[in-house]
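Welcome! Take a moment to look over the chain below, and then we will walk through it together.

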Amino acid sequence: MPDADALADAVKRGVDALRRGDATAAVDALHVVAHDEAFAAAQDLVDVRARVLVLYAQALVTSERLEEAQPAMVEALRAVKRLDDDDGVAAVRALQQVANHTRTKKRAPPASITPRQAPSPDDAEALLSSANLATGEDAARLAEQAFALAVSRGSVREEVLARLVLAKSRPHTAADQLGAALRRARGADEFTLVGAVVRAAELAGVPLPPEPYAGRDV
């Protein structure tokens, strides 16, 4: 078994690789930790190992190594369920959805847009980037995942941007989504986000409550 410092260093390298978008390097770094038998047997580290398993599964899905990702996701799900970790369960469920979406896209005819790397289900910004490249219900599902993550973490920016995607991908909900986005942005004094909501409403033809804000009528 590698010593504790080596395992901690491997986890750090894996996390750093995921953050910079290098899923292959993340898989390489996290593989040894996820498969270390002594680490798996350490009862005082079960919560740490559960998080590592989720990250490892995430790296596999993001690098589109779906055959390896499937058992990794199953193991990660078992680990977080044993801890009654609702956030962990939600993260793995979202990861499974991304994996399924990736499989579907691989079976679909080539699109005119160059496919991007599968988004991390634990990264609202990555989910939003993919949602903005998708259309219809594909975009809406990714935006819903991003919205849920944003709300759980109190991220106003991703929450508002997710609502903008939902308004665009599901036009029948645009008035409600844009109204809620505007209230959230105003309440957080996020003037840039207020402007983004206003522009989205103008493009969608959705009226917003008239109120002077950030130097213009909203």
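Among contacts in the chain between residues at least 6 apart in sequence, what percentage join residues at least 24 apart? The figure is 49%, where contact means heavy atoms within 4.5 Å.

## About the model

This is a predicted model, in which local features need pLDDT of at least 70 and side-chain atom pairs count only at pLDDT 80 or more, while totals for chains, interfaces and linings use all residues. Residues are numbered from 1 along each chain as its sequence is written, and side-chain values use heavy atoms, leaving out hydrogens and water.

## The overall layout

The chain has 11 helices and 2 strands; these are DSSP runs numbered from the N terminus, with helices being H or I of at least four residues and strands E of at least two. Reading from the N terminus, the order is α-α-α-α-α-α-α-α-α-α-α-β-β.

Of the 218 residues in the chain, 44% are buried. Here buried means under 20% relative accessible area, exposed over 50%, and partly exposed in between, using a 1.4 Å probe and protein chains only.

## The nonpolar cores

A nonpolar core is a set of buried Ala, Val, Leu, Ile, Met, Phe, Trp, Tyr and Cys residues joined through side-chain atoms within 4.5 Å. The largest one here holds 42 residues, and Y56, V61, M73, V80 and V92 touch the most other members. Elements giving two or more residues to this core include α1 (4-19), α4 (46-62), α5 (66-82) and α6 (86-107). The biggest contribution, 9 residues, comes from α4. Apart from this core lies another, of 17 residues, with V160, L178, A185 and L208 among them.

V80 is worth a visit. Leaving aside neighbours within four places in sequence, V80 is in contact with A50, V54, D85, G88, V89 and V92.

In α5, the buried residues are L66, A69, A72, M73, A76, L77, A79 and V80. They sit on the same side of α5, because they cover an arc of only 160° around the axis, taken from the directions from the helix axis to the C-beta atoms. On the face turned away from that buried side, you will find the exposed residues E67, R78 and R82. Just after α5, D84 takes a positive phi of about 55°.

## A stop at R184

R184 belongs to helix α10 (residues 174-187). Is R184 buried, partly exposed or exposed? Its relative accessibility is 30%, so R184 counts as partly exposed.

Not counting residues up to four places away in sequence, R184 touches V156, E159 and V160. R184 and V156 are 28 residues apart in sequence, yet their C-alpha atoms are 7.2 Å apart in space.
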